[in-house]
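Opening the notebook on this one. I'll jot down what I look up as I go.

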Amino acid sequence: MRYRFTNRTGGTSSGAFASLNLGTHVNDELATVLSNRALLANEVGPIQYMSQVHGNRVAVIEEITDEDPTADALVTGIPGISVAVQVADCIPLLMYSEHSVAAVHVGRKGLVNGVALTTVDVMREMGAKEITAIIGPAICGACYEVSQELHDEVVTLHPMARSRTRQGTPALNLPAALIAVLGDHGIKVIDESRCTVENADLYSYRRDGVTGRQVGVISL
């Protein structure tokens, strides 16, 4: 198993997307994004991306396809195929076991709709007994300000998401909530999160609006 979380440095994109933008859906020049993706593929091998919609569909990948499947989690049991999740504040969740690996897009909606646990179920159906999760860079609980209504809605389901900004307004701590969910289901968690808003070398939609996407990528 090998994995990595990219940041926004080392690519060829310019302006708001500088420089290693890996998202094709953010109005960056397509040829430039594909060039960035090729740079990453040269390091980690063939990569399957997905078209993310904040749902809970899990796609099982047996070969690289030209068209990105519409899903919010990719699982593969094929050595040599990397699967990737694109983010700019949401959590890039990577998971691995002896038999399979997964890349999962967990934002607020993904936390609520249980996409991480749906992915765990798919991995277990494929033979996984012990699963380890790795949480990458995402917006922190002090920066993810939300309305009181939205805060209460999520915290009712996930108490560990309760947070406040430095100004004392309602906020959500998605990484803490996800760690609790995974731990409750016997998943070991490696926390490599750092705040996308607070770190200039990371893309952040909340901070910048128009911006690129970094990825978490993993392979057997």
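This is a predicted model: local features need pLDDT of at least 70, side-chain atom pairs count only at pLDDT 80 or more; totals for chains, interfaces and linings use all residues.

How many disulfides does a search of the whole structure find? I get 0.

**Cysteines**

I went to Cys90 and Cys195 next. Cys90 is in no disulfide, and the nearest cysteine sulfur, on Cys195, is 13 Å away. Cys90 counts as buried because its relative accessibility is 18%, and the cut-off for buried is under 20%.

Cys195 is in no disulfide either. For Cys195 the nearest cysteine sulfur is that of Cys140, at 3.6 Å.

**Aromatics**

I looked for ring pairs and found 1 aromatic pair in the structure. It is Tyr3 with Phe5: the ring centres are 5.9 Å apart and the planes sit at 70°, so I log the pair as edge-to-face. Angles over 60 degrees go in that class.

Phe5 is buried, with a relative accessible area of 17%.

I also looked for a charge over a ring. Arg37 lies over the face of Tyr49, at 3.6 Å from the ring centre.

**Val215**

Tyr49 turns up again in the contacts of Val215, and so does Phe5. I place Val215 in strand E12, which covers residues 214-219. Its relative accessible area is 2%, so Val215 goes down as buried.

What does Val215 touch, leaving out residues up to four places away in sequence? My list reads Arg4, Phe5, Thr6, Leu22, Leu40, Tyr49, Ala84, Val85 and Gln86.

Val215 and Leu20 are 195 residues apart along the chain, and their C-alpha atoms are separated by 9.9 Å.

**Lys129**

Last stop was a loop. Where is Lys129 found? I have Lys129 in the loop between helix H3 (115-125) and strand E8 (132-135). Lys129 counts as exposed, since its relative accessibility is 74% and the cut-off for exposed is over 50%.

Conventions:
Residues are numbered from 1 along each chain as its sequence is written. Side-chain values use heavy atoms; hydrogens and water are left out. Rings of Phe, Tyr and Trp (its six-membered ring) pair if their centres lie within 6.5 Å; planes under 30 degrees apart count as stacked, over 60 as edge-to-face and the rest as tilted. Buried means under 20% relative accessible area, exposed over 50%, partly exposed in between (1.4 Å probe, protein chains only). A charge sits over a ring if NZ of Lys or CZ of Arg is within 6 Å of the ring centre and within 35 degrees of the ring normal. Helices (H or I, at least four residues) and strands (E, at least two) are DSSP runs, numbered from the N terminus. Contact means heavy atoms within 4.5 Å. A disulfide is a pair of cysteine sulfur atoms within 2.5 Å.
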